[in-house]
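Subject: Handing over the two-chain structure

Dear colleague,

I am passing the structure on to you, with the sequence, so that you can look at both before reading my notes. Please find them here.

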Amino acid sequence: MSLSKYSIRKLSLWLLLVLSVIATAWMTYIAFQVNARYQDALDVIHGLEAAKSNLARATLDARMKPLANYDVLNGELRQLSVGLDKMASLVVQIDNNALSTEVARLRGDQEETASLVDSFRRDNSTIKNSLQYFPHAVHDLILAGAHEKEIPRGDLAMLSHAMLLYLGQASPENRVQLEEWFSNVKRVRPNLSPAMAHKLDLVLAHATNIRDALPRLDDTTAQLTSQKSADEFKQLHDLLTVTDREHGRAVNLVLVLFMMLAAVMTILLSQTWRRRALEMKLAATVFDASPEGIMITDAQTRILNVNPAFCKMRGYDREELIGLKTGVLKSGKNSLEFYQDLWDTLTANGQWSGEITNRRKNGEIIPEWLSINSILGKRGEVLNYVAVFTDLSQRYETEEKIRFLAYHDPLTSLPNRELLSDRANQALLHAAREKHMFALMLIDLDHFKNINDTLGHSAGDQLLIGVTKRLATAIRDVDTLSRLGGDEFVFLPGEIKSLEDAEALALKILAILAEPFEIDGHTLRVTASIGIAVYPDNGSDYETLLREADSAMYNAKRIGRDNVSFPSGKTDERMTEYLNLHAELANAIKNNEIQVHYQPQINLQNDEIKGVEALARWTHPQLGSISPARFIPVAEATGLIAPIGTYILREACHQARAWDRWGLTVAVNVSAVQFRRADELLHEIHGALQDSGLEPSRLEIELTESLLMENIEQVEATLVQLKKLGVRISIDDFGTGYSSLTYLKGLEIDVLKIDQSFVRDLEADHDDASIVVAIIQLAKALGMDTVAEGIETHGQLQFLMENGCSVGQGYKFLRPQTAAEVTTFLENWAGIGNT
Amino acid sequence: MKKNSELAKSTAIVILFIVFVASCGKPNSPSELTIPIGAVDVSGPITPLPDHVSVNPAKVVLGQRLFNDTRLSADGSIACVTCHDLRAAGVDHLPTARGIKGQVVGRNAPTVFNSALNFRQMWDGRAVSLEEQAGMPINNPKEMASSWVHVTAVLKSDPWYSRQFSDIYNAPANAANISDALATFERSLITPNAPFDRFLLGDKSAISSSALEGWRLFRERGCIACHQGINIGGNMFQKFGVMGNFFHDRNKDDKLDQGRYNVTHEERDRHVFKVPSLRNVAKTAPYFHDGSVNNLHEAVLIMGRYQLGQDLSTQEVENIEAFLKSLTGCYQGQCL
């Protein structure tokens, strides 16, 4: 842990504060101690004063009482001595010069007092004896020397008299007189007997003792009991009181300083504590309110606390977890090595963070971002671990969403181009490995642009969603349906075994889409063109297959939309189908499987049935109905178109005769192959007219617009010859072939057939409607009739009638039917209003 | 509320701190000789001894061992007890004491019993306390001829002493604590229960009629002027020869006879001695500072003549002797 400069400064400030508080506390303590010493000193003075006074009383006691006991006097003297010793040591501690000097002086005085007491004891003890025995001694001498002449009785009497005076007042005069009689008495001693001399000596000894000791005793007694002696400690007392007062002020100052510092420290401490408490509260709030799960454990990974977010994240109650080891929360999804690495890192760096899989109480596995920190003690030992958990499941869901968006079309949620590429490549690998066939179908909605343009993009989007939903019903789990964008879909069937499978699937898709969609109150019909590319026939990589499918799809468009197409040419399978179909087709002609169906054409201007269009239908005994879009190209490619065409032409002409009563025209489609063999065609038409006896003007030869563009001069010549036969010329699918109007003007054309794609959308699409109107106008201007194909609704019919379209044809009136059924239709025709 | 409790907390810490600092030093009281006074009339000239004294028993044990330990002398030949034989009333019964190697000491060894009650120690009072006195014979070349250095070295080498000093004084042996131990032991040497003490306490049959007569004479003749107090003497100085020059009369006036003069060098202190205690006096012959008088009778006579200026009759002296004999007390239940 590194201390910041700031915290070092803060720490030293605290240290300084604490030290100053301690210092002032110490000073205060010392001050109080000194103060206590002043108190002690004053107590000692009182003791000394008492001792001094007691000493005086004891002195008087000893002086006055007949029998003295000096123990009391000595006791008081010792009290004085002990008191002064105490005072001396106190003064040393107080350290005051004036006091020390005074105590030293008092010590001198005390020694003097001790000396006085010594003198007093000595003199007091002897003087009593002498005073008592001096008269006895005088008396004894006089009595004992009653018979001795030399005894100076008179002088002895005078000595006694002088002694009495001296005892009354030990004045110098009385002393002189005492001395005089003392010498007088002493003068006779040599004349005395030794016994008498001895007695005289005793008298003189007592007298001398009295003479010398009495004034001394009086003096010492007076000194020991004087007022001066009692006042001895007054000065010390005064000194102490004064210095104590001065010191008291210093004490108060120090005390105030200490109180202030203590107060400052108290305030700072309380602030720090409050801040600490706030920080703790804040930390607790963060802990409780954190959206991250937080877990605190001890060094043994025993759980000490978890926050509410953690409990919520894991579905546990806090109480369930406290005290448990963290191991109980493991999911078992992380390897032992993972945990080993975690602990190694945590031990080495003090922290670890990473993704970990954990378990909710209900067993649910949750991905979490875990970040663990070790809390270390002073000696670097681990005290706690703090683990912060972030729930990653939500993030994962978001990531999933983003990934989904990156690989899916936002509108339909179908796999987009990227994912398609991925899936296709995988499927290709799989197919290559398993030697399977693999097909890629490109589905393009026909004329989708018209819907967008007429109904708006929202409707277009809804249609795309509808189409997707329809298609979804047809696909299996192993299939992939993808939207490349716009109206282009790619379908990857999971498993197909043959081209027939693929085609059947594609046809099924077309069939599914054939049902009308209800979008924004409009009923829309959708057809699609499907191009199918197959691995390994059409290519071995995705891009090639997609390209091939694309061209096949255009092929399908070209051959009439609502159609399925394979890439042309090089497909062996395709050839096989061609060959198969050829054979079947040949049989079909032989077995009369090819039938002619008719669809009535109504004159929109006079409400009458104008004619019929003849259409080829192949109903195979096993395969069922086979679309002309499929077998006509085969027929064209194999030359079977000629017998089929001839058959239809003849059949149609004969049938037209059968409907002579209604004077119907009959329109027969002529393929490009037939048209190119112009002579043969003309011959056949002529023959059919001859054989049936049909009026040539009742026969309409339908040519596709694109056919007209192939070889203009050839076409012109053929058309001229056809006109010579007297038949009418009709241009099928007009509007889709980009034919030049100038060119059209020069040709002998009787009828323009408006392509059903325009008719279908004319209610929704203004452009289509405009085109339809333009075609009608153009046809009128050129003196041609117009036939609108694929009329399904009343609205379409209404529009066409209002805009002067000559003839109409479509499911609105009747779908292509057998001749018998059409006859029934003709017989029951009651006008457009009743369709 | 919270704020208040924090303030209280910090204030409490400061107060505790002050209390801690203030409690950092308290003096402990020394053991002192205490004499319970009780019902005894302290105002009388003589007061009886108490039954016992309170002193630190551990120090007494240590002091007694030291008192008996000959290793305190330079050659290990004598101990305190050599001259202050507790079985012989605390004296050696010699006129003057003998030091190591038979050296003659100038003065008579006073009894160690009741010495704690003397206001000074030594005949001339030159030791103010028992503690001060204790070191004097040890360091005196004529007596134990030892030194504190020698004594402390001896005691430090002895495990028992080392432990005792360590236990009692929390320090190794030194001049101060050795003196203290010896003085403490000596304070325990009290001889209560003397017949006269019993008499003072109300037992009128405790002393003989002769002793009673002696007690009367003791007071009336004036002996009591100096021999008073609890120790019957020992609480004052007095000149030997108030009523006559004793030293001149006996034709012997040596330096050691100058008494307190040797301490103060003041003329008034010539021949001045501490008035000796008369307790157990019958058991502590010979008498006076130089042990020059062998019997009590003669000592009483000399005292009467030179201190009181009176010639006492034989009968009077005998009665006073009887009184003095009633002053013999007992130590640890054993009468001297």
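Predicted model: local features only at pLDDT ≥ 70, side-chain atom pairs only at ≥ 80, totals over all residues.

Residues are numbered from 1 along each chain as its sequence is written, chains are lettered from A and ligands numbered from 1 in the order in which they are written, and side-chain values use heavy atoms, with hydrogens and water left out.

The interface

Between the two chains, 44 residues of chain B are in contact with 34 residues of chain A, contact being heavy atoms within 4.5 Å. The area buried between them is about 3,300 Å², of which carbon and sulfur atoms give 58%; buried area here is the accessible area (1.4 Å probe) that two parts lose on being put together, summed over both. The count of salt bridges between chain B and chain A is one, where the term stands for a side-chain nitrogen of Lys or Arg within 4 Å of a carboxyl oxygen of Asp or Glu. That bridge is formed by the side chains of B:D269 and A:R122, at 2.4 Å from N to O.

On the side of chain B that touches chain A, at least two residues each come from α1 (2–22), α9 (209–220), β1 (237–239) and α12 (296–308) of chain B, and α1(B) gives the largest share, 12 residues. Helices (H or I, at least four residues) and strands (E, at least two) are DSSP runs, numbered from the N terminus.

Helix α12 of chain B

The buried residues of α12(B) include B:L296, B:V300, B:R305 and B:Y306, buried meaning under 20% relative accessible area, exposed over 50% and partly exposed in between (1.4 Å probe, protein chains only). Among the elements that cover the buried residues of α12(B) are α3 (97–144) and α6 (194–225) of chain A, together with β1 and α13 (314–325) of chain B. At the start of α12(B), a side-chain oxygen of B:N295 comes to within 3.3 Å of the backbone nitrogen of B:H297, and just after the helix B:G309 takes a positive phi of about 65°.

The cysteines

One disulfide is found over all chains, the term meaning a pair of cysteine sulfur atoms within 2.5 Å. The disulfide joins B:C330 to B:C335, with 1.9 Å from S to S, and the link is right-handed, with 60° about the S-S bond. B:C330 is buried at 5% relative accessible area. B:C83 is also buried, at 12%, but the closest cysteine sulfur, in B:C80, is 8.9 Å from the sulfur of B:C83, too far for a bond.

Chain A

Chain A has 29 helices and 21 strands, and 47% of its 835 residues count as buried. A:R760 lies in helix α26 (residues 756–761) of chain A and is buried, with a relative accessible area of 19%. Not counting residues up to four places away in sequence, A:R760 touches A:D446, A:H447, A:R525, A:T527 and A:Q796.

With best regards

Key. Polar contact = N/O pair within 3.5 Å; in protein donor to acceptor, adjacent residues only side chain to side chain.
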